Amino acid sequence: RTPKRGEIVVFRSLQNEAIFLIKRVIALPGDILGLTDGKILVNGVVINESYLPADAKTDDLGKLTAYTDSPIPEGFLAVMGDNREESFDSRMFGLIPFDNLVGKAFMVYWPPARSI
């Protein structure tokens with residue numbers, strides 16, 4: 001099925017398909033992105049990112065800036081890591097084609113006290 005915003009997905013890296021990455025879905029086809037006061041907007045609304053620390057900020061959209069004026073095309077999605085300051089994600093490598101998706105993450109192995 002099509003991923004939902006906020007879900008954690010596993011996908012093949014755009015740079016090396018032998019490498020799998022895991023990130024959170026931020027935006028879907030048809031969505032328009034924005035940024036205000038370190039918070040991400042999707043279709044003009046600040047998204048609830050309760051999974052991030054309260055002081056977490058997203059400083060820029062990088063390669064996703066192209067989707068602040070035009071919608072994300074069909075067959076693609078934008079992903080970001082929860083550790084925004086250190087994450088290698090769509091801000092650096094762009095949109096993920098649905099063809100690169102492997103599945104949805106459903107379990108946290110480490111640390112044991114954390115859940116999805």
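Colleague: Two strands pair if DSSP finds at least two bridges between them. With that in hand, how many bridges join β3 to β4 here?

Modeller: Four bridges, and the strands run antiparallel, with β3 covering residues 33–36 and β4 covering residues 39–42. This is a predicted model, where local features need pLDDT of at least 70, side-chain atom pairs need 80 or more, and totals for chains, interfaces and linings use all residues. Numbering starts from 1 along each chain as its sequence is written, and side-chain values use heavy atoms, leaving out hydrogens and water.

Colleague: Thanks! Which residue in β4 is the bridge partner of Gly34?

Modeller: Leu41 is the β4 partner of Gly34. The two strands make a hairpin with two residues between them, and Asp37 in that turn has a positive phi of about 50°.

Colleague: And what does β4 do with β5?

Modeller: β4 pairs with β5, residues 45–46, in the antiparallel sense over two bridges. Val42 has Val45 as its bridge partner in β5. Here too there is a hairpin with two residues between the strands, and Asn43 in the turn has a positive phi of about 55°.

Colleague: Let's zoom out. How many helices and strands does the chain have?

Modeller: There is one helix, along with eight strands; these are DSSP runs numbered from the N terminus, H or I of at least four residues for helices and E of at least two for strands. Along the sequence the pattern reads β-β-β-β-β-β-α-β-β. The radius of gyration (over C-alpha atoms) is 14 Å, close to the 13 Å that the globule rule gives for 116 residues, so the chain is as compact as a globular protein of that length. That rule is 2.2 Å times the number of residues to the power 0.38.

Colleague: What size of box do the C-alpha atoms fill?

Modeller: Along the principal axes, the box is roughly 35 × 35 × 25 Å.

Colleague: Back to strands: what is the order in the five-stranded sheet?

Modeller: That open sheet runs β7-β6-β2-β1-β8, with antiparallel pairing. β7 (96–97) and β8 (101–104) stand at the edges with a single partner strand each, so one side of each is left without a neighbour in the sheet.

Colleague: Last one: what share of the residues counts as buried?

Modeller: Of the 116 residues, 40% are buried, meaning under 20% relative accessible area with a 1.4 Å probe, protein chains only.

Definitions and conventions
Buried < 20%, exposed > 50% of the residue type's maximum accessible area, 1.4 Å probe, protein only.
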